[in-house]
Amino acid sequence: MSEFFEIVDLKWGPVQYMLNGYRNHHNSEMIENYALSMTNHMFPLSVRYDEFEFLKNLVLKYNLKSGFELATAFGVSTVALGVAFKQNGGKLVTMDAYVEERQEVYTQEYTDTSTNYDADGFKSVNYLIEYFRLKEVVNPQIGWSPVDVKNVVQNHSSKTFDFLFLDGGHSPGQVILDLYAIRPFLEKEYVIVLHDYFDNVFTPEVMDTIRFLFGKEPVIELEQPFGENMAVIYNKKI
């Protein structure tokens, strides 16, 4: 059984989990491609099941050793990545400000920019890390991008990364800031995964930044309804 569905049955203190089905936007039929949420919060939602398995298999396929995740929400994507990095003998840093769980309606930009140090999401991340025996693999951090990226990286055993999963603030300006913040810490060869690769987020200005920083354009690997347009920048050979 996938670790994704194993999480559904876990119960710990204030943090419990539930499946959320997604509707096919073309015909409004429910499809069995789920995300997870915390039962006491409307937001955030996790990556979908297919995305979970894709992330895990991507790290294994490219034998990636050092990853940076921005952001995890409450740890589901962290489990997918952490399980794979553990198998590869690698390490993962995951950083989030944990503000999304305060929202009652979805928004791409956060008006409250105070970092949440008492978040259920962070408690969930640590619980899942312990449950799946990833404490030697995953380093969970609280922080904002771009201001905290440098300090988080410098306090980690790996000072450079061959993998980036970017799923933070979904505004064009924030994506640009995030990419500039992590670019100095990427190794010569790397793989980058971009979540929610839609035109309203990845505007022409963002695309110009991607071409400037990485010299490549993303390839969409999981379109709706199987993923939220999960795209990959490949700069590493198998």
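How many bridges join strand S8 to strand S10, and do the two run parallel or antiparallel? I counted five bridges between S8 (residues 186–194) and S10 (residues 230–235), and the strands run antiparallel. I keep in mind that this is a predicted model.

I then looked at another partner of S10. Strand S9 (residues 219–222) pairs with S10 over three bridges, in the antiparallel sense. Here Leu222 has Met230 of S10 as its bridge partner.

**Parallel pairing.** I moved on to S5 and S6. Strand S5 (residues 91–96) and S6 pair in the parallel sense, over five bridges. Met95 has Gln141 in S6 as its bridge partner. Why do I call S6 largely enclosed by the rest of the structure? Because four of the five residues of S6 (residues 138–142) are buried.

**Helix H3.** I checked the length first. H3 (residues 76–88) has 13 residues and reaches 19 Å from its first C-alpha to its last. That is close to the 18 Å expected at 1.5 Å a residue. Is H3 mostly covered or mostly open? I found H3 mostly covered, with 11 of its 13 residues buried. The buried stretch that I listed runs Val76, Ser77, Thr78, Val79, Ala80, Leu81, Gly82, Val83, Ala84 and Phe85, and Asn88 is buried as well. Just after H3, I noted Gly89 with a positive phi of about 75 degrees.

**Ser66.** I looked up this serine in strand S4 (residues 66–70). Is Ser66 buried or exposed? Its relative accessible area is 5%, and the cut-off for buried is under 20%, so I logged Ser66 as buried. What does its side chain reach? I found the backbone oxygen of Thr160 at 3.2 Å from the side chain of Ser66.

Rolling a probe the size of a water molecule over the atoms shows where empty space is left. The structure holds one cavity of 30 Å³ or more. About 50 Å³ of space lies in the largest cavity. Which residues line it? I wrote down Leu166, Asp167, Gly168, Gly169, His170, Val175, Asp178, His195, Asp196, Val201 and Phe202. I sorted this lining into four nonpolar, four polar and three charged residues.

Conventions. Residues are numbered from 1 along each chain as its sequence is written. This is a predicted model: local features need pLDDT of at least 70, side-chain atom pairs count only at pLDDT 80 or more; totals for chains, interfaces and linings use all residues. Side-chain values use heavy atoms; hydrogens and water are left out. Two strands pair if DSSP finds at least two bridges between them. On a 1 Å grid over the protein atoms alone, a cavity is a set of points where a 1.4 Å probe fits but cannot get out, and a pocket is an open set with protein on both sides within 12 Å along at least five of seven lines; lining residues have an atom within 4 Å of a point. Grid points are joined across faces, edges and corners, and a volume is the space filled by probe spheres set on the points. Ala, Val, Leu, Ile, Met, Phe, Trp, Tyr, Cys and Pro count as nonpolar, Asp, Glu, Lys and Arg as charged, and the others, Gly among them, as polar. The expected span of a helix is 1.5 Å times one less than its number of residues. Buried means under 20% relative accessible area, exposed over 50%, partly exposed in between (1.4 Å probe, protein chains only). A polar contact is a pair of N or O atoms within 3.5 Å; within protein, one must be able to donate a hydrogen and the other to accept it, and residues adjacent in sequence count only if both atoms are side-chain atoms.
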